[in-house]
Every structure is written in structure tokens, then in C-alpha cells.
Amino acid sequence: MKSKELRDKTDDVLKEELTNQQKQLFALRSQAVTEKLEDSSQLGKAKREIARIKTILRERQLAAAAGK
């Protein structure tokens, strides 16, 4: 998912998406350990997606704090 698409979502939806991505990353890591992971680039993609979501949430948190 692109950053623009993520920015259009609400905080609650982003937090839910973050939880889903973290679960997916755990599953991918489990597959990697058992050598059942076919595409190892999926690990990096999942990590980047998590980082994007966390960055957007943090930006919003800082913007809210600055607006007080």
C-alpha cells in the first residue's frame, strides 16, 4: 500500500492495519525458519509497510501535540 493511501485512513484503521502487518511478519518469519518461505523479499516488504504505518501514526501524534 502506498503512503498516500495510508494517509487517507483514520488512526483506528491504521492501528488495525499495523496489527495485521505485524501478524503477517510473524507468519513470514516462521515460514523462513522452517524453510517454507518461497519469496524472501516479502520479509522486507512487510517491514517497510510496518515502518510506513508507524511513521504516519507518529507524525499525526506530533502534529496533535504541536497543535495543543
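This is a predicted model: local features need pLDDT of at least 70, side-chain atom pairs count only at pLDDT 80 or more; totals for chains, interfaces and linings use all residues.
Biologist: Why is Gln-21 called buried?

Modeller: Gln-21, which lies in helix 2 (residues 11-33), has a relative accessible area of 11%, and because buried means under 20%, the residue is classed as buried. Leaving out residues up to four places away in sequence, Gln-21 touches Ala-46, Glu-49, Ile-50 and Ile-53.

Biologist: Which other residues of helix 2 are buried, and what do the buried residues pack against?

Modeller: Besides Gln-21, the buried residues of helix 2 are Leu-14, Glu-17, Leu-18, Leu-25 and Leu-28, and the buried residues of this helix pack against helix 1 (3-7) and helix 3. From the side of helix 3, Glu-49 contacts Met-1, Leu-6 and Gln-21, once neighbours within four places in sequence are set aside.

Biologist: What makes Glu-49 count as buried?

Modeller: The relative accessibility of Glu-49 is 6%, and the cut-off for buried is under 20%, so Glu-49 counts as buried.

Biologist: Why is Glu-59 called partly exposed?

Modeller: Glu-59, found in helix 3, has a relative accessible area of 36%, and since buried requires under 20% and exposed requires over 50%, Glu-59 is partly exposed.

Biologist: How do you know that the side chain of Glu-59 makes a polar contact with the side chain of Arg-7?

Modeller: The contact between these two side chains is at 2.6 Å, and a polar contact calls for N or O atoms within 3.5 Å, one able to donate a hydrogen and the other to accept it, so the pair is listed as a polar contact.

Biologist: What makes up the largest nonpolar core, and where does its largest share come from?

Modeller: The largest nonpolar core has 11 residues in all, namely Leu-6, Leu-14, Leu-18, Leu-25, Leu-28, Leu-37, Ala-46, Ile-50, Ile-53, Ile-56 and Leu-57. Helix 2 and helix 3 (41-66) each supply at least two residues of this core, and the largest share, 5 residues, comes from helix 3. One of the core residues, Ile-53, is in contact with Leu-6, Leu-14, Glu-17, Leu-18 and Gln-21, leaving aside neighbours within four places in sequence.

Biologist: Why is Glu-35 called exposed, and what is its phi?

Modeller: Glu-35, in the loop between helix 2 and helix 3, has a relative accessibility of 73%, and as exposed means over 50%, Glu-35 counts as exposed. Just after helix 2, Glu-35 takes a positive phi of about 60°, although this residue is not a glycine. Most residues other than glycine have a negative phi.

Terms used
Residues are numbered from 1 along each chain as its sequence is written. Side-chain values use heavy atoms; hydrogens and water are left out. Helices (H or I, at least four residues) and strands (E, at least two) are DSSP runs, numbered from the N terminus. Buried means under 20% relative accessible area, exposed over 50%, partly exposed in between (1.4 Å probe, protein chains only). Contact means heavy atoms within 4.5 Å. A nonpolar core is a set of buried Ala, Val, Leu, Ile, Met, Phe, Trp, Tyr and Cys residues joined through side-chain atoms within 4.5 Å.
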